[in-house]
Amino acid sequence: MWRRPWLSLGVATALALALAAPAAGSPPPARGNAGFVARIDLDGPIGPAAAEYVDAAMRQAAADGATAIVLQMDTPGGLADSMRQIVSAILASRLPVLGYVAPAGARAASAGTYILYACPIAAMAPATHLGAATPVSLGGGTPLPLGGTRPATPKSSDAPEADGPATDAETRKVLNDAIAYIRSLAQLHGRNAAWAGQAVRGASTLTAGEAASQHVVDFVANDAAALLAQADGRTVKLGDQSVVLKLRGLAVHDYPPDWRARFLGIITNPTIAYLLLLAGIYGLILEAFHPGTWLPGVTGGICLLVGLYALQLLPVNYAGLALMALGIGLLLAEAFVPTAGVVGIGGVIAFVIGSIMLFHRGVPGYEVNVGVIAGLAFCAVALLAMLLRLVSRARRARHFLGDEPMLQAGGELLQAVPAGGESWALIGGERWRVHCEVALPAGTRVRVTARHGLLLHVTPSQANKGGLP
């Protein structure tokens, strides 16, 4: 009975994806012989989804015959591995890439600063800024994101050496590697290498005007048309070749993310990944408690797998993940262990602390929304309070099984009973064999006084015939 609906749903989903994929990933229409400039928007945190989108869009633009690429950025930073993937794609590109921090109010902070330095042409819109490129460790041997700021005493020297006695050997290695990396990008395109080192070592930042005056970027442009006009005629290096840019007046065509990049962008949002993980865990728990319902188990399994896939792409704190699992386990244990809420409260505390720790808060864009955590914690506390109230009411409720409720029950004789003899009576909606010391006619209301096995001892009730005992 369930096969046809599930089959129909699967076919409909496959058809929808098949129709959506060409529309989202299809190349732009024909450009004509004048050429065009492809614009790629790098908006938001830099992670695996963003790196894959930029790489795919650059390849598509080259295949479509674009003259150049405008990489328009507004990013708070992100993960080092993803940033290096984008930088490698820019350096290997056969087309000149114009890094452009826009619109007004945008920023190329942290990892965005490295990417901007990697572009042959770097420009910024008014009222934008860049910098604060100090790497922040997630702890242990995990990859480093580039998103936090750890101020240090600036040095006047251009040497890529970390200073400060508080830094240990591993921190110095990471910091020196980041400084050398951004300085090499600056030297490749003849930009200010000294300030690049300060952006990493001392988390320095610059406005658009300051960056242009200090030769960190090439110029300030109000919009895309001004960007192409000012870049026109400049000579840039593409590999071992020098290319003169001819961009004035060219059309700009956007290359938006395809459906896969959008999907990865959604599930790698820390809040979405967090909710998928919880939905998966609770779905499997519900299926275990109510086997055969299928829907919680199937939905939970899908959510858990997608959530775990997202977690491996995110800067996860595994101590936080373990605390979340402990909290969920304690909340479930409260339903089976009579601890008057002690275990449940401990579970809520562990769950909240683990949720806050789950993603590293030093990386912009990679943290769970605190409001979501607070809402789930409130729901857990409310559920725990309701459970404790139901348990308390159950303990005070009248018993319905055993001798005590039976001795309070009354009924009606179905047959006459002789003195000291036995007969049948309807008690509590059931037929019982009864014994009475006095003779009673059929229909008499009786009350149970004792039970011996399946035989009840009764006596006449004080209630009127036809009334309640």
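Close-up 1. Ser110 is found in the loop between β5 (107-109) and helix α4 (residues 111-118), where helices (H or I, at least four residues) and strands (E, at least two) are DSSP runs numbered from the N terminus. The model is a predicted one, in which local features need pLDDT of at least 70 and side-chain atom pairs count only at pLDDT 80 or more, while totals for chains, interfaces and linings use all residues. Residues are numbered from 1 along each chain as its sequence is written, and side-chain values use heavy atoms, with hydrogens and water left out. Although Ser110 is not a glycine, its phi is positive, at about 55°. At 1% relative accessibility, Ser110 counts as buried, a term that stands for under 20% relative accessible area, with exposed meaning over 50% and partly exposed in between (1.4 Å probe, protein chains only). Ala127, in the loop between β6 (121-124) and β7, has a positive phi near 65° and is likewise a residue other than glycine. With 61% relative accessibility, Ala127 counts as exposed.

**Close-up 2. The cis peptide bond at Pro103.** Ala102 and Pro103 are joined by a cis peptide bond, with omega of about 0°. Pro103 is found in the loop that lies between β4 (97-101) and β5 (107-109).

**Close-up 3. Packing of α3 with α4.** The axes of helix α3 (residues 80-92) and helix α4 (residues 111-118) come within 9 Å and cross at roughly 10°; the axes are lines fitted to C-alpha atoms, for helices over the stretch in contact, and the angles run from 0 to 180 degrees between N-to-C directions. The two helices, α3 and α4, are therefore roughly parallel to each other, given that angles under 35 degrees count as roughly parallel, over 145 as roughly antiparallel, 65 to 115 as roughly perpendicular and the rest as oblique. From α3, Met83, Ile86, Val87, Ile90 and Leu91 meet Ala111, Tyr114, Ile115 and Ala118 of α4, contact being defined as heavy atoms within 4.5 Å. By class, this contact of α3 with α4 has nine nonpolar, no polar and no charged residues, where Ala, Val, Leu, Ile, Met, Phe, Trp, Tyr, Cys and Pro count as nonpolar, Asp, Glu, Lys and Arg as charged, and the others, Gly among them, as polar.

**Close-up 4. Helix α6 and what covers it.** Helix α6 (residues 193-201) is mostly covered, with eight of its nine residues buried. Among these buried residues are Trp195, Gln198 and Arg201. The elements that cover the buried residues of α6 include α4, β7 (129-131), α5 (169-188) and β9 (205-207).

Close-up 5. In helix α9 (residues 259-267), the buried residues are Ala261, Leu264 and Ile267. Seen down the axis of α9, these buried residues fall within an arc of 135°, so they line one face of the helix; the arc is that of the directions from the helix axis to the C-beta atoms. Helix α2 (residues 48-63) packs with α9 at an angle of about 165°, the axes being 8 Å apart, and α2 and α9 are therefore roughly antiparallel to each other. Ala49, Glu52 and Tyr53 in α2 meet Arg260, Ala261, Leu264 and Gly265 in α9. By class, the contact of α2 with α9 has four nonpolar, one polar and two charged residues.

**Close-up 6. Gly421 and its contacts.** Gly421 has its place in the loop between β14 (410-413) and β15 (422-427), and at 14% relative accessibility Gly421 counts as buried. The C-alpha atoms of Gly421 and His435 are separated by 5.8 Å, although these residues are 14 residues apart along the chain. Not counting residues up to four places away in sequence, Gly421 touches Val434, His435 and Cys436.
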